[in-house]
Amino acid sequence: MALSSMTGFARGQGLTGAYAWSWEVKSVNAKGLDLRFRLPTGWDAVELPARARAAEKLSRGTVYANLAVERKGLQSTVRVNE
């Protein structure tokens with residue numbers, strides 16, 4: 001069943017290895033396609049494949065996508081580089 005709407009919201013989450021991730025995507029009506037991504041620091045390589053995948057599925061709208069990533073089970077350590 002195909003759906004068409006002026007606005008939309010979606011949330012997806014999962015686990016991959018030691019990482020728990022969640023995507024939140026919001027869209028509003030627009031004449032063209034405008035994709036805006038917020039990614040965690042150091043995860044910039046995810047943007048190009050995500051942008052290409054979104055452009056395959058979407059034809060128009062302003063889309064805001066937010067990725068949150070948390071590393072599970074590992075203690076963070078601080079090391080001073082003298």
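Predicted model: local features only at pLDDT ≥ 70, side-chain atom pairs only at ≥ 80, totals over all residues.
**Exercise 1.** Determine how many salt bridges the model contains, and describe the one formed by Arg11.

*Solution.* 
- Step 1: The count comes to four salt bridges.
- Step 2: One of them joins Arg11 to Glu24, with 3.0 Å between the closest N and O atoms. This pair links distant parts of the chain, since Arg11 belongs to strand β1 (residues 7-16) and Glu24 to strand β2 (residues 19-28), 13 residues apart.
- Step 3: Arg11 is exposed because its relative accessibility is 55%, and the cut-off for that class is over 50%. Glu24, at 25%, is partly exposed.
- Step 4: A salt bridge is also found between Lys72 and Glu70, where the closest N and O atoms are 3.7 Å apart. Lys72 is partly exposed at 42%, and Glu70 is partly exposed at 45%.

**Exercise 2.** Classify the aromatic pairs by ring geometry and locate their members in the chain.

*Solution.* 
- Step 1: There are two aromatic pairs.
- Step 2: The ring centres of Tyr19 and Trp43 are 5.6 Å apart and the planes lie at 80°, so this pair is edge-to-face. Tyr19 is in strand β2 and Trp43 in the loop between β3 and α1, 24 residues apart.
- Step 3: Trp23 and Phe37 are likewise edge-to-face, with 6.3 Å centre to centre and 80° between the planes. Trp23 lies in strand β2 and Phe37 in strand β3, so the pair ties together parts 14 residues apart in sequence.

**Exercise 3.** Which residues make up the largest nonpolar core, and which residues does Val63 contact beyond its neighbours within four places in sequence?

*Solution.* 
- Step 1: The core consists of six residues: Leu35, Phe37, Ala50, Ala54, Val63 and Ala65.
- Step 2: β3 (33-38), α1 (47-57) and β4 (61-71) each contribute at least two of its residues.
- Step 3: Beyond those neighbours, Val63 is in contact with Val25, Lys26, Ser27, Leu33, Asp34, Leu35, Arg36 and Leu58.

How values were computed:
Residues numbered from 1 in each chain as written. Heavy atoms only, no water. Core = buried A, V, L, I, M, F, W, Y, C linked by side-chain atoms within 4.5 Å. Buried < 20%, exposed > 50% of the residue type's maximum accessible area, 1.4 Å probe, protein only. Helix = DSSP H or I, 4+ residues; strand = E, 2+ residues; numbered from the N terminus. Contact = heavy atoms within 4.5 Å. Salt bridge = Lys/Arg side-chain N within 4 Å of Asp/Glu carboxyl O. Phe/Tyr/Trp six-rings, centres within 6.5 Å; stacked < 30°, edge-to-face > 60°.
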